[in-house]
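Have the viewer open as you go.

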Amino acid sequence: MLEDPDTVDLVVARRDGTVILSMLEDRPWDGSEQRLMELEAKVSSYLSFVLDGHMQRDHPDIVADHVQIRLDYSSRMDMRTREAIPGIELAVAEHGMEFVISHMREIQAG
């Protein structure tokens, strides 16, 4: 959850050498300054997790050729937050990583 910037929500190591660091948000987006600050703090924490060597120390068996920071969210993203995404993508790219967003949709069985 974005409200806990000190926790990496999920680490996935793919066979192709990509490591995906997922942050999960299931609260509704409200466009508030507080929520944007939480998102920025979480991204900053994830960057630090990689750049300061915490990922390597916590997961010595993972060799990362590429790191992707991913925001998985469940409710429709408000315009203010959506407009902030390109700046976040650029900031993450400056460190050789990728920032992507993914809207999780509920799938109902038949």
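What follows covers a strand pair, a helix and a proline.

This is a predicted model, where local features need pLDDT of at least 70, side-chain atom pairs count only at pLDDT 80 or more, and totals for chains, interfaces and linings use all residues. Numbering starts from 1 along each chain as its sequence is written, and side-chain values use heavy atoms, with hydrogens and water left out.

The table lists some elements; helices (H or I, at least four residues) and strands (E, at least two) are DSSP runs, numbered from the N terminus.

| Element | Residues |
|---|---|
| Helix α1 | residues 33–51 |
| Strand β3 | residues 66–73 |
| Helix α3 | residues 79–93 |
| Strand β4 | residues 98–103 |

Strands β3 and β4 run parallel, joined by six bridges (pairing takes at least two DSSP bridges). Tyr73 has His103 of β4 as its bridge partner. Between β3 and β4 the chain passes through α3, a right-handed β-α-β crossover: with the strands pointing away from you, the path from the first strand over the helix to the second runs clockwise.

Now for α1: its 19 residues reach 27 Å from first C-alpha to last, close to the 27 Å expected at 1.5 Å a residue (1.5 Å times one less than the number of residues). Its buried residues include Leu36, Leu39, Val43 and Phe49 (buried is under 20% relative accessible area, exposed over 50%, partly exposed in between, with a 1.4 Å probe and protein chains only). Gly53, after α1, has a positive phi near 85 degrees.

Pro5 sits in the segment before β1. Pro5 counts as partly exposed because its relative accessibility is 24%. Leaving out residues up to four places away in sequence, Pro5 touches Ala41, Lys42 and Ser45 (contact means heavy atoms within 4.5 Å). Pro5 and Lys42 are 37 residues apart in sequence, yet 4.4 Å apart in space, C-alpha to C-alpha.
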